Amino acid sequence: MIEMNVFQRKFVSEVRRCDELERKLRYIQAEVHKDHVLVPVPESSVFPFAPNPREIINLESQLERTESEILELSHNAVNLKSNYLELTELRHVLEKTHAFFEESFSFQQQDGVSTTGTDSLTKALISDEALNSQSQVTRGRLGFVAGVVPRERVPGFERMLWRISRGNVFLRRAELEDSLEDPSTGNEIFKTVFVAFFQGEQLKSRVKKVCSGFHASFYNCPSAHSERQEMLKGVKTRLEDLNMVLNQTRDHRQRVLTTVTKDLHNWGVMVRKMKAIYHTLNLFNMDVTKKCLIGECWIPIKDLAFIRHTLAEGSKAVGSSIPSFLNIIDTNENPPTFNRTNRFTQGFQNLVDSYSVSGYREVNPALYTIITFPFLFGVMFGDAGHGIILTLFSAYMVIYEQQLSKTKSSNESINLFGSSWSNNESPSSILGNKSITLDPATKDYSQEPYPLGLDPVWQVAVNKIIFLNSYKMKLSIIFGVVHMMFGVVLSVVNHVHFNKKINILLQFIPQMLFLVLLFLYMVSLMFMKWVWYGPKNPLKTSPRCAPSVLIMFINMMLFKHTKPFDGCDEYMFEGQDRLQKIFVTIAMLCIPVMLFGKPLYIILYERRRKKHTSDSCGELNGSIELKETELSGMLNEVAGHEEEEPASEIFIHQSIETIEYVLSTVSHTASYLRLWALSLAHAQLSEVLWNMVLRLGLTSDTHWGAIKLYIMFGVWSMFTLAILVMMEGLSAFLHTLRLHWVEFMSKFYVGNGHAFQPFWFKHVLENEEAVED
């Protein structure tokens with residue numbers, strides 16, 4: 001779309017109308033959630049269409065009426081609750097203060113001789129002489145204030161009354177056992193009833209000011225018992241009537257909100273669609289007649305026919321006299337990247353896009369990640385039983401699309417094909433020896449490799465770790481070299497598509513030679529060692545004379561020699577020393593080709609024909625019918641010539657790329673050893689849990705052993721799921737992701753594109769729901 005500034009947007013008022021409608025919807029939703037009204041869950045496939053102008057007016061009036069009705073109900077409910085709260089507080093004041101007045105009256109009737117049980121406040125307030133001589137006059141001059149105060153403010157309230165009266169206020173209080181409801185928020189509030197007795201109008205004024213400062217509520221409470229009883233009866237009657245009105249108001253509000261919830265979802269969808277449409281229309285430009293909107297956008301070529309048909313149907317539906325049409329224009333801008341995915345491939349595409357979005361028409365690694373990611377993850381996870389658990393709950397997620405469910409594995413290892421090893425010792429020899437050595441050169445080994453996986457006999461072997469370390473390290477290097485070579489090969493697709501075929505000669509071939517002559521040669525030595533050396537072979541090809549591949553590779557790079565054992569050869573075949581020197585020399589010569597080849601080509605040849613190439617590629621206005629690949633290559637070539645880099649920048653950039661490739665070839669090869677490390681760690685953790693937890697439940701042969709086994713099996717299952725399946729699975733996932741992002745994709749992937757973001761109501765609704773959550 002055309003990027004418009006604020007003053008060029010023609011539909012700002014319509015967007016503000018949509019914002020106002022959204023505000024009303026948010027208010028209605030808040031009131032619905034506040035009253036805990038159940039909102040029906042709509043069907044995911046049923047969504048209303050975007051409203052037309054007449055429906056927008058009806059929707060606005062409907063939301064206005066609904067908001068006004070709910071506002072009026074809320075305002076009336078707050079007023080009724082406020083009245084109910086005041087009457088409830090008055091009822092508590094009348095009930096609680098009866099004992100206070102009786103106590104005050106008894107103080108004035110006593111003869112002044114016995115002062116036991118009275119405190120200093122009472123003595124200071126009413127003297128003995130006043131009680132004996134003129135009790136009636138003193139009684140008439142004693143004033144009081146009754147009300148309620150928030151419970152948390154009571155200590156400060158008492159201290160302030162003491163200070164302003166210098167101890168001449170007699171305060172009595174009683175806490176309310178039941179909580180009250182705040183009319184505005186609905187929260188619980190706790191209050192305390194108080195009565196403050198004092199003498200004089202000046203002190204009365206001070207007491208009222210303190211009560212107002214502490215948000216205390218005053219209530220008119222008569223001092224006569226009969227008057228209090230009569231008022232209490234009237235208050236209870238009014239509370240019953242008010243409670244009935246409140247229940248009716250609450251029921252009516254509930255019915256209104258329940259009716260609203262049926263249309264609330266559809267209203268929200270219609271408003272969001274309408275706002276998205278106006279927001280997109282703001283990106284259009286108005287023609288000179290101000291009767292037509294013009295917009296520029298990117299469209300997938302495969303969807304051109306569908307979009308033209310949709311525009312024609314839309315014009316017909318609204319009865320427009322001017323049909324909508326679509327023209328294809330040429331541009332030298334870099335198009336966005338759009339990869340069509342389904343529910344299965346979307347996950348792998350998200351993994352690649354999390355690293356960076358591929359450039360337009362660049363090779364998409366997600367296609368190959370679908371195969372290589374599960375494979376490398378399985379190599380690191382390395383357990384068939386735990387893999388079954390992952391497969392089960394993955395299938396559960398695919399079929400039911402619900403939360404994860406726990407599954408249990410019955411065995412730590414699975415023996416499907418027996419074993420290629422056999423024990424031919426006598427039972428007495430087996431029982432008398434702690435360990436027995438099986439010789440592969442004898443009949444202990446059947447000379448037939450195990451069909452799938454690792455022979456189960458290695459699970460009980462003492463030298464299991466030594467064997468598995470060497471075996472898995474070699475497999476990791478093999479997988480890593482093949483994976484990196486495949487990444488380098490994919491770079492050819494980019495070079496051919498973007499019409500940079502010179503990069504094949506000056507970059508791809510030297511990079512591939514460097515990788516093949518050094519690291520693929522090392523992989524071939526591993527296979528030679530596995531095939532040529534065996535226990536039944538002569539001495540020179542026996543396991544005793546088998547050379548170390550790692551030591552041989554180091555000697556190859558450093559042009560060194562290692563003295564072999566007596567009767568053994570240093571190399572695997574004749575002429576290997578000379579061949580290795582040739583390989584290292586050619587690999588070293590590839591480095592200056594990668595370093596200077598491309599910069600010299602650009603400086604000496606490419607810039608000389610720049611003017612001719614620019615002229616031949618500059619006329620693109622009438623070439624709409626060109627093939628997509630030709631057009632893309634020409635556009636990229638033109639874009640590449642628009643910005644010239646100085647020679648120093650070209651050499652620096654190429655030097656960084658060359659050094660990075662040479663060093664990363666070594667480091668990335670070593671990085672694939674994480675396949676061995678995680679596989680070994682997973683196997684050892686499985687063995688530790690088996691030996692240290694579950695086997696303890698199998699050691700007892702009494703009746704209590706069944707209970708012990710039951711408990712141990714539960715603990716073993718919990719640790720297996722938590723550590724081996726979940727934590728180890730997450731670790732393998734992260735390491736596999738790193739191998740793809742760094743070791744694999746760095747060989748060919750640039751990732752300098754930006755994603756294609758189509759106008760789709762589904763995306764609009766999903767984004768709004770994500771923001772609300």
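**Exercise 1. Which residues does Asn503 touch, not counting residues up to four places away in sequence?**

Solution. Keep in mind throughout that you are looking at a predicted model.
- Step 1: Find Asn503 in the structure; its place is in helix 15.
- Step 2: Set aside residues up to four places away in sequence, and the partners of Asn503 are His495, Phe508 and Lys598.
- Step 3: Check the surroundings. Buried means under 20% relative accessible area. Asn503 has 6% relative accessibility, so Asn503 counts as buried.

**Exercise 2. Describe how helix 15 and helix 20 are arranged.**

Solution. Let's take the pair one property at a time.
- Step 1: Locate the two elements: helix 15 spans residues 502-532 and helix 20 spans residues 647-671.
- Step 2: Look at their axes, which come within 11 Å and cross at roughly 20°.
- Step 3: Angles under 35 degrees count as roughly parallel. Helix 15 and helix 20 are therefore roughly parallel to each other.
- Step 4: Helix 15 brings Gln507, Gln511, Met512, Phe514, Leu515, Phe519 and Met522, while helix 20 brings Gln654, Glu657, Tyr661, Val662, Thr665, Val666 and Thr669.
- Step 5: Sort this contact by class, and you get eight nonpolar, five polar and one charged residues.

**Exercise 3. Work out whether helix 1 and helix 8 are roughly parallel or roughly antiparallel.**

- Step 1: Helix 1 covers residues 12-34 and helix 8 covers residues 225-281; their axes come within 9 Å and cross at roughly 150°.
- Step 2: Angles over 145 degrees count as roughly antiparallel, so helix 1 is roughly antiparallel to helix 8.
- Step 3: Helix 1 and helix 8 form a left-handed crossing.
- Step 4: The residues of this contact divide into 13 nonpolar, four polar and seven charged.

**Exercise 4. Examine the backbone at Arg166 and His215.**

Solution. Begin with the background.
- Step 1: Most residues other than glycine have a negative phi.
- Step 2: Arg166 is not a glycine, yet has a positive phi of about 55°. His215, also not a glycine, has a positive phi of about 55°.
- Step 3: Arg166 is in the loop between helix 6 (154-165) and strand 2 (170-175), and His215 is in the loop between helix 7 (201-213) and strand 6 (217-219).
- Step 4: Decide whether they are buried or exposed, using over 50% as the cut-off for exposed. Arg166 is exposed, with a relative accessible area of 76%. His215 counts as exposed too, at 52% relative accessibility.

**Exercise 5. Compare some UniProt annotations with the model.**

Solution. The annotations come from an unreviewed entry.
- Step 1: The entry marks residues 56-83 as "coiled-coil region". In the model this span is 100% helix and 0% strand, with its end C-alpha atoms 40 Å apart.
- Step 2: The entry also uses "transmembrane region" for several spans, including 366-399 and 475-493.
- Step 3: Residues 366-399 are 94% helix and 0% strand, and the end C-alpha atoms lie 24 Å apart.
- Step 4: Residues 475-493 are 100% helix and 0% strand, with end C-alpha atoms 28 Å apart.

**Exercise 6. How many helices and strands does the protein have?**

Solution. Now step back to the whole chain.
- Step 1: The protein has 23 helices and eight strands.
- Step 2: Of its 773 residues, 36% are buried.
- Step 3: Take the contacts between residues at least 6 apart in sequence: 77% of them join residues at least 24 apart.

Key:
Residues are numbered from 1 along each chain as its sequence is written. This is a predicted model: local features need pLDDT of at least 70, side-chain atom pairs count only at pLDDT 80 or more; totals for chains, interfaces and linings use all residues. Side-chain values use heavy atoms; hydrogens and water are left out. Axes are lines fitted to C-alpha atoms, for helices over the stretch in contact, and angles run from 0 to 180 degrees between N-to-C directions. Helices (H or I, at least four residues) and strands (E, at least two) are DSSP runs, numbered from the N terminus. Angles under 35 degrees count as roughly parallel, over 145 as roughly antiparallel, 65 to 115 as roughly perpendicular and the rest as oblique. Contact means heavy atoms within 4.5 Å. Ala, Val, Leu, Ile, Met, Phe, Trp, Tyr, Cys and Pro count as nonpolar, Asp, Glu, Lys and Arg as charged, and the others, Gly among them, as polar. Buried means under 20% relative accessible area, exposed over 50%, partly exposed in between (1.4 Å probe, protein chains only). UniProt positions are given in the numbering used here, feature names are shortened, and annotations may be inferred rather than shown by experiment. A crossing is left-handed if the near helix is turned anticlockwise from the far one by less than a right angle, and right-handed if clockwise.
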